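Hello,

Here is the structure that I promised to hand over to you. Please look through it first, and then read my notes below.

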Amino acid sequence: ENLVLYDPTTNEYIQAKYGGNDVDDVTSDSIYEGFPAGAIRVGDVLDFSEDTDGVSIALFPDGDTSNPVLHSAIADGTTLATPGTQNVGVGSVLDFIVFNEVLPDPTGTGNNNFDTDGDGTPDFEDEFLEIYNIGADEIDVSGLQFWDATQDLYFTVLDGTMLGAGGFLVLVKKVQSGGNLPTVDAGSLAFAVEGMSLKNSGENLVLYDPATD
């Protein structure tokens, strides 16, 4: 289908299409009977591409004509259309997350030691990494996967896990006897992940969203 919005006061129009429709010049198409032949199109034709039953096609972020996508790819999966509201749902998760802090070697020299779990002994078990929600809304981080070259997949976030706006998610290598997970801010989360190991010599940190690949 072609979607056309025409302004008779200026004899101009804007146009969008979806579902593989290949008509770009509606002024010369016989389907548009009575449409002014001399009308001037403003800008390019916005191509929403293929449609899917039950799911809207939307711009994300709103108004970004370079990125029309199925709404299921930018929302939580339960919100498949958002008439009159932002095309965001709970957010395209990785657009709102950054790696924020990493401690690969808790035992340095002199006073350069950090006891993440507070058990009284800084050692290699105190390694941690942290991601941060830079967005203004709570986001669903269920199913996100942490990978590295040494261990491959070493942690998957549990279903139903929400990370607050401005919240931190911390992975700690291990909580030892007498220790605890670090105290985190409201809306933030901390997990012990014994399979995690951060190389002191250097490492690639990968956060993967299987829902959007």
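**What was found**

Among contacts in the chain (heavy atoms within 4.5 Å) between residues at least 6 apart in sequence, 54% join residues at least 24 apart.

Before going further, please keep in mind that this is a predicted model, in which local features need pLDDT of at least 70 and side-chain atom pairs count only at pLDDT 80 or more, while totals for chains, interfaces and linings use all residues. Residues are numbered from 1 along each chain as its sequence is written, and side-chain values use heavy atoms, with hydrogens and water left out.

The mean pLDDT (the predictor's confidence in each residue, from 0 to 100) is 85 for the chain, and 90% of its residues reach 70 or more.

As for the fold, the chain has zero helices and 15 strands, where helices (H or I, at least four residues) and strands (E, at least two) are DSSP runs, numbered from the N terminus. The chain is more spread out than a compact globule, because its radius of gyration is 25 Å, well over the 17 Å that the globule rule gives for 213 residues; this radius is taken over C-alpha atoms, and the rule is 2.2 Å times the number of residues to the power 0.38. Along the principal axes, the C-alpha atoms fill a box of roughly 80 × 30 × 30 Å.

Of the 213 residues, 35% count as buried, which is to say under 20% relative accessible area, with exposed meaning over 50% and partly exposed in between (1.4 Å probe, protein chains only).

Asparagine 11, in the loop between β1 (2-7) and β2 (12-17), has a positive phi of about 60° although it is not a glycine, and with a relative accessible area of 24% asparagine 11 is partly exposed. Aspartate 152, which is found in strand β11 (residues 152-156), likewise has a positive phi, near 60°, and counts as partly exposed at 45% relative accessibility.

Asparagine 113 sits in the loop between β7 (97-103) and β8 (128-133). Leaving aside residues up to four places away in sequence, asparagine 113 touches Pro106, Thr107, Gly108 and Pro122, whereas 55 Å separate its C-alpha atom from that of glycine 54, which is 59 residues away along the chain.

Best wishes
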